[in-house]
Amino acid sequence: MSRSSNPGCRVVRPEGAVAGQQGLNYFEGIAAETVGATGLCMHIVTIPPGARAKAHLHESHETAIYVLSGEAWTWFGERLEEHVVARAGEMVYIPAGVPHLAENRSNAPCSAVIARTDPNQRESLVLLPELDHLVPG
């Protein structure tokens with residue numbers, strides 16, 4: 001979907017998947033690229049059973065996640081030493097600058113709506129490959 005110069009309301013139909021730097025696919029949604037957003041991005045991710053993202057952090061933007069179905073484990077902290085489990089109907093908040101890694105340890109897909117304070121579809125993030133091995137598979 002191309003960016004519009006029309007500042008009115010828009011409907012975005014999440015049709016195309018975009019490969020994220022963390023190793024998961026996201027369905028395109030509200031972003032600077034699709035509707036000209038200047039302060040937020042919102043899209044849908046589905047994590048297949050047994051899949052996980054790469055360890056990373058977002059230096060300057062916050063993330064909010066609403067789990068639509070399934071459950072997601074999110075490991076976080078300087079050494080990914082803590083975790084939370086969010087199930088359908090629950091939300092997760094990730095502050096800027098916090099290392100984290102999401103994974104699906106269940107036998108069913110996990111789908112979630114993700115909103116960020118970075119409006120770009122290709123978000124600004126820092127991969128942390130040195131932390132990936134800290135969460136056992």
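This is a predicted model: local features need pLDDT of at least 70, side-chain atom pairs count only at pLDDT 80 or more; totals for chains, interfaces and linings use all residues.
**Surface and charges**

I started with the accessible surface of the chain, which comes to about 7300 Å², by the Shrake-Rupley method with a 1.4 Å probe, where for residues only the protein chains shown count as cover. Carbon and sulfur atoms hold 56% of that surface.

Residues are numbered from 1 along each chain as its sequence is written, and side-chain values use heavy atoms, with hydrogens and water left out.

Next I looked up the charges. The chain has 10 positive and 15 negative ones, and their mean positions are 6 Å apart. Lys and Arg count as positive and Asp and Glu as negative, with His and the chain ends not counted; each charge is placed at NZ of Lys, CZ of Arg, CG of Asp or CD of Glu.

**Overall build**

I find one helix and eleven strands in the chain. These are DSSP runs numbered from the N terminus, helices being H or I of at least four residues and strands E of at least two. Read from the N terminus, the order is β-β-α-β-β-β-β-β-β-β-β-β. The radius of gyration is 15 Å, close to the 14 Å from the globule rule for 137 residues, so the chain is as compact as a globular protein of that length. For the record, that radius is taken over C-alpha atoms, and the rule is 2.2 Å times the number of residues to the power 0.38. The C-alpha atoms fill a box of roughly 45 × 30 × 25 Å along the principal axes.

I also checked contacts (heavy atoms within 4.5 Å). Of those with a separation of 6 or more, 70% join residues 24 or more positions apart.

**Inside**

How much of the chain is buried? Buried residues make up 41% of the 137, where buried means under 20% relative accessible area, exposed over 50% and partly exposed in between, with a 1.4 Å probe and protein chains only.

Then the nonpolar cores: sets of buried Ala, Val, Leu, Ile, Met, Phe, Trp, Tyr and Cys residues joined through side-chain atoms within 4.5 Å. The largest has 15 residues, and Leu 24, Val 45, Ile 47 and Ile 65 have the most contacts inside it. Strand 3 (41-47), strand 5 (63-69), strand 8 (91-94) and strand 10 (110-116) each give two or more residues to this core. Strand 10 gives the most, with three. Apart from this core lies another of nine residues, including Ala 55 and Leu 128.

**Single residues**

I picked Met 42 in strand 3. Met 42 counts as partly exposed because its relative accessibility is 37%. Beyond four places in sequence, Met 42 touches Gly 29, Ile 30, Val 113, Ile 114 and Ala 115.

Pro 49 sits in the loop between strand 3 and strand 4 (56-57), and is partly exposed at 39%.

Is Leu 80 buried or exposed? Leu 80 is buried, at 3% relative accessibility, in the loop between strand 6 (71-76) and strand 7 (82-87). Its phi is near 55°, positive in a residue other than glycine.

At 55%, Arg 13 counts as exposed.
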